[in-house]
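Please look over the model shown here before reading on. The notes that follow take up a definition, then the pairing of chains, and then the parts within one chain.

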Amino acid sequence: MKTSDIIHETYTALLSNKVRTGLTMLGIIIGIGSVIAMVAIGQGAQGTIQSNIQSLGANLIQVTPGSQGGPGSQVSQGRGTARTLTYDDAQAVAGELSLIQAVSAELSSRYQVVGKGTNTNTTVMGATPAYPSVRNVSIAEGSFISNQNLRSLSKVAVLGPTARDDLFGKGASAIGQTIRINGIQFKVIGVTVAKGGSGFQNQDDMIFIPLTSAQKFLAGANYVSTIAAQAVSSDAMSQAQTDITYLLLDRHKISDPASADFSILNQNDIVATASSVTQTFTILLAAVAGISLVVGGIGIMNMMLTTVTERTREIGLRKAIGAKRADINRQFLVEAIVITLVGGLIGVALGAAVSWGLTAFGIIQTKVSIGSIFLAFGVSAAIGIVFGYYPARRAGALNPIEALRYE
Amino acid sequence: MIDVKNITKIYKTGDIEFQALRGVSFTIKDGEFVAIMGPSGSGKSTLMHILGCLDTPTAGTYFLDGKDVSTLSDDELADVRREKIGFVFQSFNLLPRTTVLRNTMLPLMYSGIDEEERKKKAVKALTATGMTDSHYHHLSNQLSGGQIQRVAISRALVNDPSLILADEPTGNLDTKTGDIVLGTFQKLNEELGRTIILITHEPDVAEHADRIIYIRDGQIVEDGRAHSKRKARHHA
């Protein structure tokens with residue numbers, strides 16, 4: 001039998017019952033389409049989360065204080081409450097470690113802030129001039145805190161756009177105005193560019209003041225709540241993390257790393273954690289979609305078995321005029337595979353269209369990967385073979401005499 | 001040339017044995033037109049299946065063109081059927097929704113002959129049964145019963161078989177159409193020298209052949225010349 005004959009026979013057979021072929025194919029179309037769409041949603045979510053994390057600043061290593069109390073103490077006040085990190089620690093990290101290119105020392109806390117007759121509770125961040133570059137923040141108008149502000153404990157403030165809206169009204173000019181934080185007057189010198197929520201904290205609803213001013217006027221103590229260090233590259237991050245750990249252990253005179261009075265969070269770890277979450281999510285979605293694919297495959301087997309029964313006499317005739325078992329086998333197997341492949345093709349198009357639609361209408365970010373398309377094709381061909389094999393074998397094994405007598 | 005020697009066929013269903021053929025022997029020369037006659041249950045269908053290489057005998061030998069085909073495997077039997085045998089069935093068995101031409105070419109598809117050659121052979125076979133080219137592209141369900149059976153005969157003829165086996169070819173046709181079909185067989189036999197074996201239970205139909213083999217209870221009871229209608233027709 002020639003390939004062109006097999007194609008012609010398959011074409012005729014599938015078109016002879018268009019409705020049945022169409023419905024069977026629909027099972028595969030829905031199966032493959034949903035696998036493509038679900039994986040696209042999962043991967044889109046992963047991409048969104050990763051870019052959100054990256055928007056917090058690239059290659060960040062974040063040092064936060066450990067718990068107050070220390071070794072031997074029975075009472076822990078909880079992680080992050082210790083006041084063991086200082087601005088000097090931050091400067092040491094910046095100055096002594098070659099893998100670190102910039103360091104932002106921060107002291108944040110929430111305060112009631114009063115503007116022009118308005119009043120809001122927001123995060124006040126004691127920051128250094130390195131903050132914008134490390135944290136990936138830009139200035140929309142005015143200027144950020146300068147070294148001069150830091151040295152002279154200036155009472156100046158830079159507003160996040162949300163904080164500005166809350167205090168002065170939407171889009172109003174705030175430069176030169178005065179706000180009161182915890183009863184102390186600060187002069188507004190700049191406003192940052194809106195970044196949007198990033199899932200972990202809203203960087204827009206914030207007020208920045210010089211770190212030294214925050215320590216002296218608000219906290220009344222000489223500590224920082226976070227040291228954010230930026231490594232020179234993504235590859236250098238784990239080495240940089242180790243370097244910071246030993247530098248700080250040394251500075252804090254702690255010999256055992258297990259009893260460190262600070263903890264270090266590497267941005268790569270956060271990304272990895274988020275990725276593993278979205279990966280699980282993707283696998284879950286794909287598995288649900290995969291079930292519909294299996295159901296579609298069973299539909300194909302059902303149809304092929306019906307077809308073989310209906311065409312028993314035809315099979316008998318073909319065998320009588322010289323078709324071998326393998327000829328019959330192949331004919332029915334190809335029918336099943338063609339249904340799945342054509343269904344797979346339409347399914348991929350449908351899945352891609354749905355993904356595109358979800359993105360275009362802004363419902364959720366999606367990303368159709370070439371890998372998932374190839375996978376879908378492979379799976380659909382495999383389903384054709386697996387679920388077509390048994391009916392085809394039954395057809396091939398029919399006895400021509402009995403098949404010709406079949407009513 | 002068909003040489004059948006002492007063929008038996010035993011069917012087993014569980015512990016029960018049924019002997020359908022009990023030592024059948026005969027020879028059919030090339031170019032003969034033979035009818036095998038017998039009532040139902042006589043074993044004529046079993047004999048046809050064996051002659052048509054659809055089945056193998058339990059014992060005995062069957063030489064087709066000098067080759068022993070009584071011990072071949074299923075796939076080897078398929079090869080023999082493809083190359084040497086043409087079937088005509090009572091129920092026609094044309095492929096539905098398929099053109100006359102394609103139905104006729106079907107056996108050649110399994111021989112791997114190319115399309116051009118297939119068409120040539122199919123046209124030749126259709127012409128031999130009196131089908132004109134106006135019908136070639138009709139679908140099989142647009143034809144009359146007589147036309148359908150003539151297409152089926154063309155299909156049996158298309159691979160130049162050593163033997164055409166017709167199993168009750170007029171069973172589903174009225175007398176008039178049946179006569180046209182039987183006339184087609186006679187023409188193929190006389191003009192093209194085809195060897196034809198006709199299986200039937202109707203004496204009227206068997207009379208169209210040159211020789212009639214009567215079979216009953218799995219044995220040949222008579223094997224002789226037909227005092228045939230065809231001779232009557234010849235003399236008329």
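A salt bridge is counted here when a side-chain nitrogen of Lys or Arg lies within 4 Å of a carboxyl oxygen of Asp or Glu. In this predicted model, the side chains of A:E9 and A:R318 meet that description, with an N to O distance of 2.5 Å. Because A:E9 belongs to helix 1 of chain A and A:R318 to helix 10 of chain A, the pair ties together parts that are 309 residues apart in sequence.

**Salt bridges**

- Over all chains, a search of the whole structure finds 24 salt bridges.
- Between chain A and chain B the count is three salt bridges, and one of them joins the side chains of A:E9 and B:R102 at 3.8 Å, N to O.
- Side chains of opposite charge can pair when their charged atoms come close.

**The interface between chain A and chain B**

- On the two sides of the interface, 23 residues of chain A are in contact with 25 residues of chain B.
- The two chains bury about 2300 Å² between them, and 57% of this area is on carbon and sulfur atoms.
- Eight residue pairs are in polar contact between chain A and chain B, counting those with both residues at pLDDT 80 or more.
- The elements of chain A that give two or more residues to the side touching chain B are helix 1 (3-15), helix 10 (312-320), helix 11 (325-360) and helix 13 (400-405).
- Helix 10 of chain A gives the most to this side, with six residues.
- By class, the residues on the side of chain A that touches chain B divide into eight nonpolar, four polar and eleven charged.

**Helix 11 of chain A**

- Helix 11 of chain A, one of the elements on the side that touches chain B, has 36 residues and reaches 52 Å from its first C-alpha to its last, which is close to the 52 Å expected at 1.5 Å a residue.
- This helix is followed by A:G362, whose phi is positive, near 70°.

**Domains of chain A**

- Chain A is divided into domain 1, made up of 3-52 + 273-405, and domain 2, which covers 83-260.
- The C-alpha centres of domain 1 and domain 2 of chain A lie 56 Å apart.

Definitions and conventions: Residues numbered from 1 in each chain as written. Chains lettered and ligands numbered in written order. Heavy atoms only, no water. Domains from an automatic or database assignment. Contact = heavy atoms within 4.5 Å. Buried area = accessible area lost by both parts, 1.4 Å probe. Polar contact = N/O pair within 3.5 Å; in protein donor to acceptor, adjacent residues only side chain to side chain. Helix = DSSP H or I, 4+ residues; strand = E, 2+ residues; numbered from the N terminus. Nonpolar A, V, L, I, M, F, W, Y, C, P; charged D, E, K, R; others polar. Expected span 1.5 Å × (residues − 1).
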